[in-house]
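My plan is to go through the two chains bit by bit and jot down what I look up.

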Amino acid sequence: MHQKTPEIYSVELSGTKDIVKTDKGDGKEKYRGLKNNCLELKKKNHKEEFQKELHLDDHKLSNRELEEKYGTDIIMGLSSTRAAELLARDGPNSLTPPKQTPEIVKFLKQMVGGFSILLWVGAFLCWIAYGIQYSSDKSASLNNVYLGCVLGLVVILTGIFAYYQEAKSTNIMSSFNKMIPQQALVIRDSEKKTIPSEQLVVGDIVEVKGGDQIPADIRVLSSQGCRVDNSSLTGESEPQPRSSEFTHENPLETKNICFYSTTCLEASTSPVGTVTGMVINTGDRTIIGHIASLASGVGNEKTPIAIEIEHFVHIVAGVAVSIGILFFIIAVSLKYQVLDSIIFLIGIIVANVPEGLLATVTVTLSLTAKRMAKKNCLVKNLEAVETLGSTSIICSDKTGTLTQNRMTVAHLWFDNQIFVADTSEDHSNQVFDQSSRTWASLSKIITLCNRAEFKPGQENVPIMKKAVIGDASETALLKFSEVILGDVMEIRKRNRKVAEIPFNSTNKFQLSIHETDDPHGKRFLMVMKGAPERILEKCSTIMINGEEHPLDKSTAKTFHTAYMELGGLGERVLGFCHLYLPADEFPETYSFDIDAMNFPTSNLCFVGLLSMIDPPRSTVPDAVTKCRSAGIKVIMVTGDHPITAKAIAKSVGIISANSETVEDIAHRLNIAVEQVNKRDAKAAVVTGMELKDMSSEQLDEILANYQEIVFARTSPQQKLIIVEGCQRQDAVVAVTGDGVNDSPALKKADIGIAMGIAGSDAAKNAADMVLLDDNFASIVTGVEEGRLIFDNLKKTIAYTLTKNIAELCPFLIYIIVGLPLPIGTITILFIDLGTDIIPSIALAYEKAESDIMNRKPRHKNKDRLVNQPLAVYSYLHIGLMQALGAFLVYFTVYAQEGFLPRTLINLRVEWEKDYVNDLEDSYGQEWTRYQREYLEWTGYTAFFVGILVQQIADLIIRKTRRNSIFQQGLFRNKVIWVGITSQIIIGLILSYGLGSVTALSFTMLRAQYWFVAVPHAILIWAYDEVRKLFIRLYPGSWWDKNMYY
Amino acid sequence: MTKNEEKSLNQSLAEWKLFTYNPTTGEFLGRTAKSWGLILLFYLVFYGFLAALFSFTMWVMLQTLNDEVPKYRDQIPSPGLMVFPKPVTALEYTFSRSDPTSYAGYIEDLKKFLKPYTLEEQKNLTVCPDGALFEQKGPVYVACQFPISLLQACSGMNDPDFGYSQGNPCILVKMNRIIGLKPEGVPRIDCVSKNEDIPNVAVYPHNGMIDLKYFPYYGKKLHVGYLQPLVAVQVSFAPNNTGKEVTVECKIDGSANLKSQDDRDKFLGRVMFKITARA
């Protein structure tokens, strides 16, 4: 019984059918490698469940048995009541969306993640401090309670903000997922009804028209020339015929089963393919449902930026906690009360934690995500924005991503010559010689011996974009002739078709007989196209320069050379021939009978060859070159034939012009493949067959040793193996995919990229990013944005961290030197969450300093977002200078009000005593407690203004890390100036607008104090320019190593 | 699982060891001796420069100041009131007339406070005309005498116990010094008891008058020997009234520019204190 129940993973069998014909009977053996790999993906019990459910023998049953099994009637369909019962039993026919984290959990995660814990600790310390105060003095001031509440509020607000941002970006995606509800035509109660396909149940009889999606797994009862596109299931876009016959033991291969979410195509042999079938599986029990649940078994990897931010949070939290504890101990040993020490601790924590930073990072990432969406990269997961930037290997699909996904005429051969046709997106530039009379004949054959037609009503659509009824090759020929000759339909009308033999796989040719529009000779013209060797067999002459010449050995040889050459380019080659039927034998009234074949099909005149390929997108070669200079390895993974794959790889530069594979070298040197030194080869083409037999070490070796790799004839599942191989190389791997079977690989990859046009929903669900135009070049722009955001995040973080020192120093000085507190906790929050927010976001708009696509991708574990030089330079250089500047403003205010710096030292204790209301200043004046407090607030405001002014300088210097600001352009990034303006305006509002609100502890500050720190700000700028100058002058020097962040 | 953890623990220990001292590269804490030397030298120079710069800017800032008068006096437009003896934790005095140790500290404090007001100390001071502001042009500024006898029973001249031994404790009230302050009108300090059963609050000098001749004040440096005018408050506890407490509020009155009603500053032009007389 088990041999009849194949593993689900052999789904892609059909795709590789033609190369492994020999072992067709043994499906299990062929996909051994795959199976083993995928088995790891799920738990054992899952596997058994799958097997049981896949015990599908409906394809072997006769119609009667089926009716019996599902209690239905093929003519009458189910009764509505029975259908309703089944619907209640089985649930709707839709895939259960992947399990979502409950919203409340997501929200709570935001509340405790990152710095939130530290701030909560601060808040609780505040309340504890109040508790201690209250127990000794019932009238203790509520300040600490308020501060605790403010801290809690800060956490909650930033949490809500982050949650909102995340929800917003998820919404983009879910709107994407919502598609127009699918309808299905079903027979119920012996009536044809259209119902939403979600309501389908097993036993329903459905009709599917060409172009429709198959609404569930169905057993075909009758079909007219139906072919299905199983690409969403297997990744293989070759159409598969479907009929009611039972052709294979394997339910996945037999012709009489169509799978949910695959598409029924309009087949060329019948105008509209239709299928009548019985629903045998719905919803999650369909094949696609199984695969979708498989994808959810692959864990989500943590994104690099998440790791970086975690790393950064650890650093900052580590600094905060260790300084906090250190000074707690110092405070206690300086005989401060525990209560005071706790309050110091709170201040230190609040000063050290960049409260607004994580929100800023989120905003920055979502700004970039928006920018990327404009460039056709829709990012589902915000953090994926940066992941793309650190990508070091891209595993790309071929069809549709690297190529245009349509057959296009690439070469022509006539008059013993190969001509190149324009394969660019619009075909505008056909330069080959069209004067030859042979071309006239050839073009006539191309035009007439073709069944493809434009869909009506597309007069204004450019030719290349018109929709066509017909298969890929015929479409290519139709468009080719339409571009060169003009109105093809008109030509066909003038040369009426009188008889036709359509293409079939036994004949391998297509033939039609036409009346001609030649007014002189009313002869019939027979035109034929097909496999070149077949066509040549039927010919006895060949047309050269419009003249018929006998087909001799030498011309046959040139034909073969041309045929081999074009075939070697990976192109699909067709031969064309014609014959004018003599008017005397075939008069105008002659009746052609295609079954009797009452006309000659030999001794024709060979006219030419034409080869087609799915050409690369014109933007791709550039993009690949860019990737290469950006140090990103591009690996092509395709289900296509190795020759075609290699040809495309060469034409887009994935295999560069001068590199050779082992086989190439063997061929050139005329030696056996085994004798070639593998080190000589730069490129490798590996087929799925070879991959299957490889151990992971061998795969690692290939991935490590070859710069240019093409995987051909691979199944979507093998993609997963390749991705894992790449990840073993410590690479950040981006993978493109469209089929359902790609979803495990997409999930496994560091960044999974689904195709927006060709991609299946399952692939889009599993991916981190959706490529709206399916274009490889868009990935490269994405990479560029990702790298830019990494750089800019560095700048943002450096900017934000700097002022932490300026906020922290006051507390340290307060504890050690005993100055009246220079800056309040609330004031710090106003800097972190007020004035600094917009400027730090503005840095996200900064342009790249140099060509970021010319450097290697960052090393995951070495090039950190927050590295030692960044922290040291921000904290110990600029931060310290800022602190000095702010202290200068503080001392100025106190001194000008009467307290000279030397008086302030160790004044703290007296200063803070509530009952001391006659504290003497340096001039003999006496101050009440409240007067001192007001002066203290003025000091806060002064310190705040000092930091603010210097943060403007900090913002300007952070625009670049290496270049001079003047190289970068001071005014190029306008948003920076918006940021500076906002900073100043918020500062002014706080000081002059809210100066009278006691709780905020701001006061109206004299205008001149705004300028006290300006020299320090200028100094910061000058110092940083010097730093950058030395970095530029002495790259690699001690200075560069220690000062470049 | 545990095996892995152990291994990683060992590994990280080894990594730490290597980080602390790496014998192959001679690196100590991730840097070679030369690198450490360079770093230390750099920071020495850099921080030296910063320190010098900060000192310089501070010096420049101090040059903008006047030695005699602060640049701005906007934050103390009006004086606060303060009481003596100096309170220890809050404005509360507790004493027992029968227990001299309970008020010895207060008397000590008062004596100390009144030391500059002794005749001996005041003999070099000027006798100024009463009832008018005593404005001076300098360059030498003289201070006016404050005859301590004005405080009468609280002067300490006749009663070295300042009334505490009799159950009539004295509290001195003083107005904060503010440079250049010129009270308008006729300022006086008005003290009232908040307890109705002990309304007996005596104020010296008579009516709590503050003579204008002590204003304006010209600052510590110019106005050497300046004495603030004082007002004494004497609360009389009747002998049978032991174990009672009384709250007294003193306010500046009679001057338009000396505020005594501020919502936030409870000591601006006023002061409130509590005296408890135990048995």
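This is a predicted model: local features need pLDDT of at least 70, side-chain atom pairs count only at pLDDT 80 or more; totals for chains, interfaces and linings use all residues.

Which residues of chain A does UniProt list for "transmembrane region"? I checked the record, an unreviewed entry, and UniProt gives 112-133, 145-164, 312-336, 342-365, 866-891, 976-995 and 1007-1023 of chain A.

Residues 112-133 of chain A come out as 86% helix and 0% strand, and I get 28 Å between the end C-alpha atoms.

**Chain A overall**

I looked up the totals next. Chain A has 38 helices and 30 strands. Of its 1045 residues, 58% count as buried. Chain A exposes about 42,200 Å², and 57% of that comes from carbon and sulfur atoms. I also looked at contacts in chain A between residues at least 6 apart in sequence: 72% of them join residues at least 24 apart.

**A greasy spot**

Which residues make the nonpolar surface patch of about 430 Å²? I wrote down Val1026(A), Leu1029(A), Phe1030(A), Leu1033(A) and Tyr1034(A). I zoomed in on Leu1033(A), which sits in helix 37 (residues 1014-1033) of chain A. Its relative accessibility is 49%, so Leu1033(A) counts as partly exposed; the label "exposed" needs over 50%.

**Gln717(A)**

Is Gln717(A) buried or exposed? Gln717(A) is buried, because its relative accessible area is 6% and the cut-off for buried is under 20%. I found Gln717(A) in helix 25 (residues 716-728) of chain A.

**Chain B**

Over to the other chain. Chain B has 4 helices and 11 strands. Why do I call chain B more spread out than a compact globule? Its radius of gyration is 31 Å, while the globule rule gives 19 Å for 279 residues, so chain B is well over the rule. I looked at its extent too: the C-alpha trace of chain B spans about 90 × 55 × 40 Å along its principal axes.

As for burial, 44% of the 279 residues of chain B count as buried. Chain B exposes about 15,100 Å², with carbon and sulfur atoms supplying 58% of it. Among its contacts between residues at least 6 apart in sequence, 72% join residues at least 24 apart.

Methods: Residues are numbered from 1 along each chain as its sequence is written. Chains are lettered from A and ligands numbered from 1 in the order in which they are written. Side-chain values use heavy atoms; hydrogens and water are left out. UniProt positions are given in the numbering used here, feature names are shortened, and annotations may be inferred rather than shown by experiment. Helices (H or I, at least four residues) and strands (E, at least two) are DSSP runs, numbered from the N terminus. Patches are made of residues with over 30% relative accessible area and no salt bridge: like charges are joined within 9 Å, nonpolar side chains (Val, Leu, Ile, Met, Phe, Trp, Tyr) within 5 Å. Accessible areas come from the Shrake-Rupley method with a 1.4 Å probe; for residues, only the protein chains shown count as cover. A salt bridge is a side-chain nitrogen of Lys or Arg within 4 Å of a carboxyl oxygen of Asp or Glu. Buried means under 20% relative accessible area, exposed over 50%, partly exposed in between (1.4 Å probe, protein chains only). The radius of gyration is taken over C-alpha atoms; the globule rule is 2.2 Å times the number of residues to the power 0.38. Contact means heavy atoms within 4.5 Å.
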